[in-house]
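Have the structure open as you read.

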Amino acid sequence: CFRMLSFVDLMQLWFLDVILSSAINETAMDEPGIWTSVWLLVHAAFAVIIVLWLRWRSNLSKTEVFYVASYLALSWNSSYFACRAIDLALGHKEWEEGRQEDIAIVAAMGFASLILLPMLCATLVGQRRLFQKLATWLDHSRSRRLQDGAFMAMLLDSYVVEVGQPWWLTEKEVAEGNLKVKAAPEEHLARAPYSSISVGISHQHDSRPGFVAGVVIATAEDASSFTVECQVDAQTVKIVEVKRGQEVFPWPELLKMGRKNLRCVDWAALSPEVLRKNSSSFSDFRLSRPVTRGEVIDFFVSHSWSDSPAQKWRAMQLVVEQFYQKNGRYPTFWIDKFCIDQSEIKDGLRVLPVNVMSCRKMLCLSGKTYHNRLWCAWELCVLLSFMSMEMALKQIVVIALSQSALMELTGFDCSKARCYNPNEEFRLRRVIDAIDKTRFEIKIRALGQLLLDRDVNGGGLLVGSGTMGTMGTVSFAFSSEASAASASAQPFARAVEPVEPVE
């Protein structure tokens with residue numbers, strides 16, 4: 001018989017047992033003030049009759065009956081504490097000498113109010129309206145997160161090119177830009193080339209494919225352009241005018257820009273093929289869509305395009321599978337090459353921190369090259385700068401794509417992380433230095449160590465809480481590209497309809 005009872009049924013029986021047994025016990029006590037005991041007994045009998053009638057005579061669902069039973073149990077408990085306060089105030093209850101009776105009366109009435117008021121609020125205001133109010137409050141909390149992201153975007157945006165700093169020109173800019181050619185003077189040839197000037201970035205002596213190192217020698221008064229001098233060879237120095245505005249926006253403007261251009265990509269639009277392409281195109285951007293009003297993107301995907309696309313696809317399948325089992329729908333993602341307009345990539349990167357903070361969680365696909373990508377480090381920096389490590393563990397879902405990935409995070413060194421564009425690298429380093437590079441590195445190393453400890457203790461490499469949970473002791477590191485490809489040959493079923501907006 002008990003095997004037929006659900007958890008909801010057992011909870012309702014427990015409610016009724018507590019109400020009836022407590023009411024009968026109070027009535028059986030030989031104390032003055034019989035009317036409060038009678039009221040508790042009548043209240044209990046009323047609650048039992050209503051619950052039984054709803055179970056056998058009404059068309060309400062089990063969930064609705066459970067709500068009614070919960071409200072009746074709460075109302076009876078409120079009556080119990082109120083009656084105890086009345087009995088104490090009238091002297092119907094014996095009280096130990098030396099204990100403060102007035103405090104006990106106030107405490108009993110306080111318990112009665114605390115139990116009754118939320119129920120009355122939900123009943124009078126309405127459950128739907130109350131949930132809307134709570135959603136509004138939570139939305140304010142999300143607004144604070146977005147403001148934090150806009151502040152980080154402002155720090156990055158406030159970087160202004162200055163005379164004397166290094167600047168790397170693309171080979172196309174050197175060949176096609178507005179330039180003047182002059183022979184290098186003797187004293188100029190004697191000094192070190194600009195690529196070896198100390199500029200405070202890692203690997204400064206390494207060649208940068210596709211770039212020529214130079215130095216800024218002048219900036220326009222209206223900040224619309226600046227002039228770069230670079231030494232092309234032993235006999236030639238070129239002067240190139242770089243037309244690039246340096247307008248600095250305040251954080252409210254960046255927040256507005258980020259919200260206006262915020263996009264997401266549905267799981268149904270993704271496939272192994274689109275992840276394999278390293279280059280971005282307008283067709284990739286068309287796979288994404290603008291977020292709807294009130295919608296919150298589920299995952300910001302932090303990853304390196306140099307890591308195996310087949311491994312990343314398989315990892316995303318596992319995340320989607322668990323998310324669907326938990327929520328009954330497919331998640332939405334923010335992925336850079338799909339959600340940033342490549343024709344306006346500068347503006348897209350400008351508000352990247354706002355995009356990070358616009359998502360519920362960060363999905364970190366940590367592969368062999370992840371820890372060496374400075375943009376990936378910047379994404380983690382945005383999230384870790386405004387929250388404790390405990391909160392970060394709830395916000396970041398990490399999947400290690402190789403056996404050494406988590407170990408590399410534990411020894412993260414910001415000076416070894418790089419960007420493809422050395423100018424972006426120089427800009428990011430200046431901002432990270434301004435917000436304390438050492439503290440940032442310590443946070444990422446601590447995060448990596450916590451994740452590694454969980455893996456060693458059998459928690460698996462997929463770390464999360466709440467929605468995601470922990471995925472057993474599954475290993476996501478593939479032994480070869482072929483095994484990863486075979487795993488993705490039978491992809492997890494994807495949605496054929498657009499994902500519904502988050503309420």
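What follows is a short tour of a predicted model.

Start with Ser358, which sits in the loop between α14 (352–357) and β10 (359–366). Its relative accessible area is 1%, and since anything under 20% counts as buried, Ser358 is therefore a buried residue.

What does its side chain reach? The side chain of Ser358 gets to the backbone oxygen of Val354, at 2.6 Å. Setting aside neighbours within four places in sequence, Ser358 also touches Arg142, Leu146, Leu262, Val296 and Ile297.

## Helix α15 under cover

Now on to α15, residues 374–384. How many of its residues are buried? The count is 11 of 11, so this helix is mostly covered. Among the buried ones are Trp375, Trp378 and Glu379, along with Cys376 and Cys381.

## How α15 packs on α18

The partner to look at here is α18, residues 422–434. The two helices pack at an angle of about 30°, and their axes are 11 Å apart. Angles under 35 degrees count as roughly parallel, so α15 runs roughly parallel to α18. As for handedness, the α15/α18 crossing is left-handed.

Which residues make the contact? From α15 come Leu374, Trp375 and Trp378, and they meet Glu424, Glu425, Arg427, Leu428, Arg429, Val431 and Ile432 of α18. Sorted by class, that contact has six nonpolar residues and four charged ones, with no polar residues.

Definitions and conventions. Residues are numbered from 1 along each chain as its sequence is written. This is a predicted model: local features need pLDDT of at least 70, side-chain atom pairs count only at pLDDT 80 or more; totals for chains, interfaces and linings use all residues. Side-chain values use heavy atoms; hydrogens and water are left out. Helices (H or I, at least four residues) and strands (E, at least two) are DSSP runs, numbered from the N terminus. Buried means under 20% relative accessible area, exposed over 50%, partly exposed in between (1.4 Å probe, protein chains only). A polar contact is a pair of N or O atoms within 3.5 Å; within protein, one must be able to donate a hydrogen and the other to accept it, and residues adjacent in sequence count only if both atoms are side-chain atoms. Contact means heavy atoms within 4.5 Å. Axes are lines fitted to C-alpha atoms, for helices over the stretch in contact, and angles run from 0 to 180 degrees between N-to-C directions. Angles under 35 degrees count as roughly parallel, over 145 as roughly antiparallel, 65 to 115 as roughly perpendicular and the rest as oblique. A crossing is left-handed if the near helix is turned anticlockwise from the far one by less than a right angle, and right-handed if clockwise. Ala, Val, Leu, Ile, Met, Phe, Trp, Tyr, Cys and Pro count as nonpolar, Asp, Glu, Lys and Arg as charged, and the others, Gly among them, as polar.
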